[in-house]
Structures are given as structure tokens and as C-alpha cells.
Amino acid sequence: MGFGLSHHERNKRRNESGGPKRILLTNGRFPVTIDLARQLRRLGNTVYCVDPMEYHVCKFSNAVKKSYYVDAPHVNAQGYIDGVKKAVREQNIDMIIPLHEEIFYLAKSGEPEIIDRLFAPDFKVLLRLHNKWEFSKWLGKIGLDRPATWLCKSREDILALDLTKELALKPVFGRAKSGVYHHKPNEPIPEDIPVNDEIHYVAQEWLTGSSFCSYMVVRGGRIQAFTVYPVIETLDGSSCVYFEAIEHAGIKSYCEKVAKNLPTTGAQIALDFIETTEGRLVAIECNPRATSGIHLYSGTTHLARALVDPDHDPPSLAKIGAHRQVAPGMLMWEKKDVNVKRYVEHQKRLMGSRDVVFTTKDLLPVLMQPFLLTSYYKICSERKMKLPEMFQWDLTWEPQGEELAWARRLIEEEDAKDEQEGAKQEGQVKEVDGTAAQTYQDVDKAGPSVSRPEASV
């Protein structure tokens, strides 16, 4: 570091190097958070965290030097931002790594102290990846397969769909199975689907097959860390509690194309896939943040190196066969359609895999579990929520009112830019090949927007 540099310039230089950093994690409550903290600490970094919960698993971990108790972004966004800024200033933080949907509050904060250190996409890119309608359109634009998708802004839009087909109905801003409805052919649409002017939904063709999750670190259009794991053991058919790294060339190729089309982005990106029995591979959802794929790097520094070093190469690939479990979740596994063979397989995984939190080198987080559970259930009682909802609620980003209108304007502006770019490219194609231009025209003859797949947008 050069003598006479400003604090900001010193911070920038340190953040652009692969050396040890002072890193802030944006919540401390998830198994993913403590696992990542340990990996970062193992590499020699100093780790801090903030969280709206006073007591959480990272507060008792020797991998985290200090935890800050801050306002909940879902309740008081500015208070949360101020808490993050306080931690940044007091600890001279070099890098901020987001873990959950607090990423949206940070990315749109406009605060240089945060933005300059935040390992996340630009807010407009975040919107495109997180919004299920926009993400599906973007995949089509870059030539990747995805389910046929329709945007529904009202109940009437849903009723106008071809309801003889099996569909997944999801809020455009949602997570996991929250607010998701499985429509079976010719069944009535439930009255309680909350689709309205503020809450838009997408309808997607229902695909059956094998489910996979990917996790990657991307910078400058290339992958710096990557892993894939099948969805085998879940709590509810969706939330994974067992993770085993596998090799899947098709998913890796798909993800490489996603990364290539994000040339100015540095981020953690996770995609959920369905591979049909016919061999069709489609991404059904994107989480532009940390996910459970992080667990497949437990006990190593491979992922930590990819996160802190902008020039990291070659990519850090999770070791094939590496496996971890969320032990409490494995004990509460979904037992749907279980038989003797399935039960034996489950028991082998349960008995043969390490828990993502337990380690003899950092025992206090495990020993404090009874106290933490008591604390969690007290909060559940106060908020009248079940544990899974409570655990995420104060971190979730659910834009409403003026904030939602602003987000939609940003999306419209980006869509308009895409249309201008597409028109420019079409004009260039016409000059070169008239028959190719005809293909573009045919694609746009697909009927009203609500009832046509977005593939034709």
C-alpha cells in the first residue's frame, strides 16, 4: 500500500488483490454463513457479520471476530444500511459478501462505502436475474432453453391460460416454494392466489425429471468456482438438506454461457435445473446470491480463494463426491413415497455425512443450539410465524408501492434498450440475409402476450 493514499484508495487496492482481507458477511444466521466464514478464515481472512437477530449461530463461532446487531432490512431498510456502514467503518472492511435477499437492499443503497466493496451484480442485473419473468426472457435472448412462460398480472390473466396443461404458478419476486401453486390439468384455479397489480405471477409449463442445483462464482464473463448437486433429500420437496457434488457437463456448459453473458458482473449465481427424461435441460430459477452449494467446499480454501481473488484461475471445482448434510433437516426429511430401499439409502447418507455446522475446531455453535432454538421459537411466538418463515422474513426483499414502481421502471428501461438493440441487429441481418430476417418476423406472430410463451417475446 502506497504512502499518502486516501483510505478509499488503500481499500480499493487491497480489494483488488488476492491477499487476506477484512470481510463482512451480511447475515449470521444460516448454516451457509458459518460454513463460508470458516472457509474464509481458513484462508487467513478476518471475518465479521451483521444480523437483525441478536443471537445466531455465527455469534458463537470462533471464525467470526465480531457480530453486529442491526435493524432488519425488511422492516427498516435504512437502519440496516446504517448498521452495515457502521461495521464497514469500524472494522475497515475490504469486501462485503451477501448471503440472502439483503443483497437487494445493499445493491440499491447507492452508498459508495457499500457499493465499492459489495460482491454482487449491479442492481439492474440483480432485477433481471431475480425476477422470474425477466430471467426467462433473458435466457431466451442468449439462446438457452427454459420452460415456456407466461406473465400474469391478474386472476383474469391466469384464467386466460390453457388450463388443460400442467403449470407452475409463481410470484415473479419469490423464493423457494413460497407462494407457488401446482396447477394440474383442468383443475379449478384456487381463489387465494394473491395475483394483483402489485404481485405479478408467472405461469410456467410443468416439467418432470431430475432436479439439480448449481452454484458458481463469476467475474468478467468467466466462472471462477463451480459445483453441481442433485436434489435428493429435502424437507418439503424443494429445500435441500443433503448435498453431494457431481459432474454434469450439460449444466456446466449452460452455466458457462450464463457467465459469458455477464461480462461486467462479479457475483455468486445459483441456478435450479430440470433435466427431463427426453434429455431437455432447462433452468427454472436463478438465485443471484449464496446458496447451499457453498457446503461442498467445506474444510477447504478453494471457494474462499475464488471469492477474494479477482484473478483466480483456474476455476475452483468442488471435489466430485464431496458431501455434507444439514443433520436436523435430514432427521425431518420428506418421507413421501418412501419404501425400504429409499429408507436404507437415506440412513446411509444420514450416518455417512458430516453436518454442515458441526466441527470439533468450532464447537460452541453446536453446543448453543438449544439456546438458539429457544430464542428462535420465542421470536416465532412474537411474530406469529412458523420457524422457516420467521428465519427468512426480516431479510426478504418484497418491493411494494413506490419501490415496486421504481423497480418496474428500471425493468422497462432495460427492456426498451433490449428492443432497440434487437431492432438494430435485425436491421443488420436484413442487409446480409433477407431470409434470416423473415425468421425474426415469424417469431413475433404469436398472439396476445398473456397466452403466449415468452419464448416468442
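Biologist: Which are D415 and K137, buried or exposed?

Modeller: Both D415 and K137 are buried. Buried stands for under 20% relative accessible area, exposed for over 50%, and partly exposed for the range in between, with a 1.4 Å probe and protein chains only. Bear in mind that this is a predicted model, where local features need pLDDT of at least 70, side-chain atom pairs count only at pLDDT 80 or more, and totals for chains, interfaces and linings use all residues. Residues are numbered from 1 along each chain as its sequence is written, and side-chain values use heavy atoms, with hydrogens and water left out.

Biologist: What makes D415 and K137 a salt bridge?

Modeller: The term asks for a side-chain nitrogen of Lys or Arg within 4 Å of a carboxyl oxygen of Asp or Glu. For D415 and K137 the N to O distance is 3.1 Å, so the pair qualifies. D415 lies in helix α16 (residues 401-432) and K137 in helix α7, so the pair ties together parts that are 278 residues apart in sequence. Helices here are DSSP runs of H or I with at least four residues, strands are runs of E with at least two, and both are numbered from the N terminus.

Biologist: Which residues are linked with D415 and K137 in a network of salt bridges?

Modeller: That network also holds R128, E134, K141 and D418.

Biologist: Why is helix α7 described as largely enclosed by the rest of the structure?

Modeller: Because eight of the ten residues of α7 (residues 132-141) are buried. Among them are W133, F135 and W138.

Biologist: What caps the N-terminal end of α7?

Modeller: N131 does, with a side-chain oxygen 2.9 Å from the backbone nitrogen of W133. After α7 comes G143, whose phi is positive, near 85°.

Biologist: How many salt bridges does the structure hold?

Modeller: There are 22. One of them joins R29 to D51, with the closest N and O atoms 2.7 Å apart. R29 sits in the loop between β1 (22-25) and α2 (31-42) and D51 in strand β2 (residues 46-51), so this pair ties together parts 22 residues apart in sequence. Both R29 and D51 are buried.

Biologist: Why does D313 count as exposed?

Modeller: Its relative accessibility is 57%, and the cut-off is over 50%, so D313 counts as exposed. D313 forms a salt bridge with R222, the closest N and O atoms being 3.6 Å apart.

Note on methods. A polar contact is a pair of N or O atoms within 3.5 Å; within protein, one must be able to donate a hydrogen and the other to accept it, and residues adjacent in sequence count only if both atoms are side-chain atoms.
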